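Thanks for coming. Please have a look at the model on the screen, and then I will go through a few of its features.

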Amino acid sequence: MAEKLSGGCACGSVRYEAGSAVLMMNCHCRDCQRATGSAYAAFMVVPKDTFQVTGVLTYYECAGGSGKSIRRGFCATCGSPVAIEVEVAPNIVGLLAGSLDTPTEFSPTMDIFTACAQPWDHMSPDTRKVPGGISG
Ligand SMILES: [Zn+2]
Ligand SMILES: [Zn+2]
């Protein structure tokens, strides 16, 4: 795995660099389904202090299932989801795997909120399945 991750949005206005991932996972919650427009959100989780953005990430903030805030960072020009920050785990940032320059570096070990997964969403048999969230 690369020491440094890099990526950005579809139009190139937002670019980022980050340190190596501490966790890789897929979140199947309804919120991630809506925010990505797809079956789940695939995240590289990195230490927040390694995350550096060039350009402007616009944040949409809402309350997660626990009542704590979730901030979704996206490019206001092209709409690509790029990052997610959660109040329950303030020291980490989730980077959308599809935004990486090298998405093949993504190798998830875990699927969370599988209770909300769609019937047309086929998960890898190799990952750990968690019906709900992992932080608390
Ligand atoms: Zn963009
Ligand atoms: Zn989610």
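**Core and sheet**

Leaving aside residues up to four places away in sequence, Phe43 is in contact with Met24, Met25, Cys27, Ile84, Gly94, Leu95, Leu96 and Ala97; contact requires C-beta atoms, placed from the backbone, within 7 Å.

A word on the source. This is a predicted model, where local features need pLDDT of at least 70, side-chain atom pairs count only at pLDDT 80 or more, and totals for chains, interfaces and linings use all residues. Residues are numbered from 1 along each chain as its sequence is written, while chains are lettered from A and ligands numbered from 1 in the order in which they are written.

Phe43 is among the residues with the most contacts inside the largest nonpolar core, which has 32 residues. Such a core is a set of buried Ala, Val, Leu, Ile, Met, Phe, Trp, Tyr and Cys residues joined through C-beta atoms within 7 Å, and buried means 20 or more other C-beta atoms within 10 Å of a residue's own (exposed is 12 or fewer, partly exposed in between). Strand E4 gives the most to this core, with 5 residues; strands here are DSSP runs of E, at least two residues, numbered from the N terminus.

Now the sheet. It is open, with 8 strands in the order E6-E7-E8-E9-E4-E3-E10-E11 and mixed pairing, where a pair needs at least two DSSP bridges. Its edge strands are E6 (58–63) and E11 (128–130). E10 (110–112) runs parallel to E11, joined by 3 bridges, and Ile112 has Val130 as its bridge partner in E11.

Lastly, Ser20 lies in the loop between E2 and E3.

Note on methods
Helix = DSSP H or I, 4+ residues; strand = E, 2+ residues; numbered from the N terminus. Contact = placed C-beta atoms within 7 Å.
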